[in-house]
Amino acid sequence: VRTIFDAVEERLPERLALAAKLIKEHSKAPLHTVTVENVMGGMRGLPAVLWEVSGTSQAGITYHGRTLRELQELLPRWPGSEQVSPEAMLWYLYTASVPSAAELAQFARELVRRAARLPAEALRFCDALPQDVDSSAQMIMTLTAMGPHSQFAHALAEGVPKAQMWRHALEDALDSHIFVPLLAARIYANKFRDGQGKATPLNVHGDMAENFAIRMGRSGDKPFTELIRLYWALHMDHGANVSAHSMRLSSSAWTDPYPTMATGLIAGTGILHAGAILQAIQYNQSMLAALGPAPSPAAIDAHVSATLAAGRIVPGFGHALLRGVDPRLAPIVKFVQGCSLPPESEGGQLLQLIGQTSTVVPAVLRRRAPKIKSPAPNVDSLSGCLMYAFGLELDFVLLVMACSRGMGFMSQYVWDRALGLPIERPLSITMDQIVAKL
Ligand code: MLT
């Protein structure tokens with residue numbers, strides 16, 4: 001059975017040859033003309049960030065050329081699960097190949113085995129943090145403090161040849177795939193469970209989601225474990241979005257994987273990015289409080305119109321890049337339809353409300369905010385509410401998201417080192433310099 005190291009190494013010659021060919025034969029070929037609109041508009045539409053594991057377009061993401069729908073068909077499930085296995089998704093991102101059942105089993109075992117390496121100092125640091133600091137901030141600090149445990153950083157200090165760097169990056173990356181969920185669960189235990197269960201034995205035959213559930217105090221909670229699998233597999237990568245691009249930029253200077261992930265988490269707190277997940281929950285809660293359960297379309301229309309008239313955004317709709325419905329929404333909607341939350345619970349009512357707003361709000365936005373390029377519901381409209389409906393505290397939802405975004409980016413991190421890509425250093429340009437060029 002191939003290990004992940006074998007599978008990356010197998011792909012390496014072809015990718016190195018392609019990179020060399022592009023640089024040697026096509027260096028000056030234009031891909032796009034940089035317009036004033038690109039520069040003034042947050043680089044929107046500019047194909048400028050080389051990404052090995054995925055490509056994005058207005059229709060959605062493709063992972064090594066395959067759509068999400070194709071991967072939902074192709075990627076294996078963990079035994080007993082209906083969701084795409086996050087480990088299978090990771091394997092695919094690293095290797096561009098679908099893992100066999102044996103490869104998946106071995107890969108998952110390898111990740112859980114690495115849990116024993118989680119440094120005691122990191123756990124002590126994490127436990128010593130003040131509990132009024134929010135969960136994401138605790139993880140940001142813990143990851144930043146993990147630097148001395150980075151095998152990549154040690155290899156750099158010892159002068160490892162450039163061509164071998166990816167191996168050390170992959171060592172850290174594999175450690176982090178299990179360390180980060182376990183640290184997240186520890187933060188949860190410290191903050192919300194008086195420290196209970198933070199050392200509950202892991203299941204060495206289980207996958208990451210199952211072991212996360214064990215440490216979250218939800219051992220054997222199959223719907224929760226399935227939700228985590230769904231969520232992690234879906235959110236690993238979305239091209240050069242704010243969190244991923246922040247990690248890319250930071251790591252292009254050979255920042256080690258742990259603080260790199262902290263960078264992504266910091267960027268993710270912005271409310272125009274992953275922070276929108278919290279905004280969407282709070283907005284839906286306030287709508288529920290104002291209108292009661294199952295409001296009429298007219299009541300939703302009036303509520304949303306009042307939000308817009310007050311100059312506020314309606315969280316959960318529109319996307320910086322996508323121009324249709326985000327393909328990641330369909331599997332989440334399917335999951336919601338298949339789960340049996342009591343309809344009278346707050347979570348059940350929120351999910352029902354989102355079902356209604358997803359059809360009513362786009363029409364209101366089209367009428368009242370015609371500048372919004374695509375008023376379709378985005379993935380944040382539903383994903384955070386679903387976590388919340390499954391009993392996760394508001395404060396913790398972002399951290400569940402961050403676990404998978406960090407995992408997914410590590411595949412890019414490893415390939416950046418494998419391809420020997422340079423530090424990111426674009427030119428800055430002032431408005432006066434733009435005027436001088438016109
Ligand atoms: C994400 O996956 O982080 C969001 O869809 C944001 C984005 O891709 O720009």
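Asp-6 is placed in helix H1, which spans residues 4-26; helices (H or I, at least four residues) and strands (E, at least two) are DSSP runs, numbered from the N terminus. The structure is a predicted model, in which local features need pLDDT of at least 70, side-chain atom pairs count only at pLDDT 80 or more, and totals for chains, interfaces and linings use all residues. Residues are numbered from 1 along each chain as its sequence is written.

Asp-6 counts as exposed because 12 C-beta neighbours lie inside 10 Å. A residue is termed buried if 20 or more other C-beta atoms lie within 10 Å of its own, exposed if 12 or fewer, and partly exposed in between, with C-beta atoms placed from the backbone. A separation of 38 Å is found between the C-alpha atoms of Asp-6 and Ile-277, which are 271 residues apart along the chain. Arg-2 is located in the segment before H1 and, with 18 C-beta neighbours inside 10 Å, is classed as partly exposed. Beyond its neighbours within four places in sequence, Arg-2 is in contact (C-beta atoms, placed from the backbone, within 7 Å) with Ala-7 and Glu-103.

The protein chain comprises 20 helices and three strands. Of its 438 residues, 42% count as buried. Among contacts between residues at least 6 apart in sequence, 73% join residues at least 24 apart. When residues up to four places away in sequence are not counted, Val-414 touches Val-8, Tyr-94, Trp-166, Ala-169, Leu-170 and Ala-173.

The ligand is surrounded by His-238, Asn-241, His-273, Ala-274, Ala-320, Leu-321 and Val-379, a residue being near if its C-beta atom, placed from the backbone, lies within 6 Å. By class, this shell has four nonpolar, three polar and no charged residues; Ala, Val, Leu, Ile, Met, Phe, Trp, Tyr, Cys and Pro count as nonpolar, Asp, Glu, Lys and Arg as charged, and the others, Gly among them, as polar.

The predictor assigns the complex an ipTM of 0.92 and a pTM of 0.95.

Technical notes. Contact = placed C-beta atoms within 7 Å.
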